[in-house]
Amino acid sequence: MTVDALIEPTQPGMITRTVTPYSGGLEQYAKRAELSEQAIVQRYVRTLWGRSGTLLGTLVWPSSLLDQSFVRWCYWWQAQLLDCAVDAAYRARTPERIDRAVALAHGIRTRNLTGWTNRYYDDMAWLALALERFDRLLGVRFGDAIGDLRAALINGFNPVVGAVPWRSGDAYYNTAAIGPTGIALARSSELSRARQLADFLHTRLRGTDSCLIFDGVHEPGDRVNRTALTYCQGVAIGLETELAVRTGESAHHNRVAALVAATENRLTNAGVITAAAANDSGLFMGILARYLAEAALSLGNTTAATIVHTSARAAWENRAEVHGLPLFGMDWTRPVTPAQNLSPDLSVQLSGWMLLEAAYRLTAAGL
């Protein structure tokens, strides 16, 4: 089936539950990641406005013609889709995978209308991370795209507050923007600003009892939103991991260890990353898995690796299948059935794919 083929609306009878043991070596891990990739490509990925060389992901499946017109623009979901496409091409490089990832990047640039940047710093940071990995891991670069995004992130830094806000002109300084911005700046050797962002999260948004990172703070007034979401821990772990590797400073190593331990204690269910919901929160679990894997790969954190593997096992064993391809739930600890735990959102399915790619990378590294 080509990526542009329409899929008939799914009927409940098409959804099957096939529970297979989560065992085997690297080949089995690779196969599960590949099936997760195929599920996204076949169900969601479409040409943008009939333009050759461009692709984007529809936000739901099955998708209507309106969905496929991409009237609703969700920049950061597309950045996550591109990052997963980079994962797949790095796992098994083929011309088809490279071309698909290139077309996704061109699709984002085309649909964004005004260039690579917008006014949301979390959006831009996510795309900067995906494009940087595409360049570093696969040797594919898009002109000045990374430089344009990095400049926008640096220009958004408020030296008085010591962080970047959610969006331009806003006074909400949230982990969703600060964390990925810090990772992107660390990977581009802007270590001073990356440290400042990490310190902001650690000193301003870390719960003294839970040791978890809160959602954000409104300035002026220091009004903290004390919601502790899985992906907030993920990006904080990712940022501290980058700084630990690049500076060698024990403080960053210690922060990673504390965050991973707090995540295991408070944000897992029987060792599995706790459920989110649909829409934007569908991506929260996968983002945490991605950066737990980074902590395991870069710093040898075995707890982080265990959470990823336990979550991957649960997500796979509790999946449903449509036409032989996986359909993941919003809660990886519960079976996906037509009646419950089922979401058509791209975000939820991307989390599953991201998780399986993370588990593959850990297995390939012997972790």
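View 1. Apart from neighbours within four places in sequence, Q78 is in contact with L56, G57, L59, W73 and I108, where contact denotes heavy atoms within 4.5 Å. The model is predicted, so local features need pLDDT of at least 70 and side-chain atom pairs count only at pLDDT 80 or more, whereas totals for chains, interfaces and linings use all residues. Residues are numbered from 1 along each chain as its sequence is written, and side-chain values use heavy atoms, with hydrogens and water left out. Q78 belongs to helix α3, residues 75-91; helices (H or I, at least four residues) and strands (E, at least two) are DSSP runs numbered from the N terminus. With a relative accessible area of 2%, Q78 is buried. Here buried means under 20% relative accessible area, exposed means over 50%, and partly exposed lies in between, for a 1.4 Å probe and protein chains only.

**View 2. The salt bridge between R133 and D87.** The side chains of R133 and D87 form a salt bridge, at 2.8 Å from N to O. This pair links distant parts of the chain, since R133 lies in helix α5 (residues 121-138) and D87 in helix α3, 46 residues apart. A salt bridge is defined as a side-chain nitrogen of Lys or Arg within 4 Å of a carboxyl oxygen of Asp or Glu. R133 is buried at a relative accessible area of 6%, and D87 is buried at 3%. The structure holds 23 salt bridges. Side chains of opposite charge can pair when their charged atoms come close.

View 3. In the salt bridge of R187 with E242, the closest N and O atoms are 2.9 Å apart. The two residues connect distant parts of the chain: R187 is in helix α7 (residues 175-187) and E242 is in helix α9 (residues 230-247), 55 residues apart. Both partners count as buried, R187 at 12% relative accessibility and E242 at 10%. Salt bridges with shared partners also join E37, R91, E96, R97, R100 and E357 into one network. A further salt bridge brings together the side chains of D170 and R167, at 2.9 Å from N to O; R167 is partly exposed, with 22% relative accessibility.

View 4. Three strands form an open antiparallel sheet in the order β1-β9-β10; two strands pair if DSSP finds at least two bridges between them. The edges are taken by β1 (15-16) and β10 (325-327), each of which has a single partner strand, so one side of each lacks a neighbour in the sheet. Strand β1 is joined to the antiparallel strand β9 (residues 320-322) by 2 bridges, and I15 has V322 of β9 as its bridge partner. Helix α1 (residues 26-44) packs on the sheet and touches β9 and β10, its direction making about 80° with that of β10. The buried residues of α1 include Y29, R32, L35, E37 and Y44.

**View 5. F134 and the largest nonpolar core.** Among the 120 residues of the largest nonpolar core, W76, L82, L127, L131, F134, I287 and L292 touch the most other members. Such a core is a set of buried Ala, Val, Leu, Ile, Met, Phe, Trp, Tyr and Cys residues joined through side-chain atoms within 4.5 Å. Leaving aside neighbours within four places in sequence, F134 is in contact with L82, V86, I98, A101, V102, G139, V140 and F142.

Note on methods. Axes fitted to C-alpha atoms, helices over the stretch in contact; angles between N-to-C directions.
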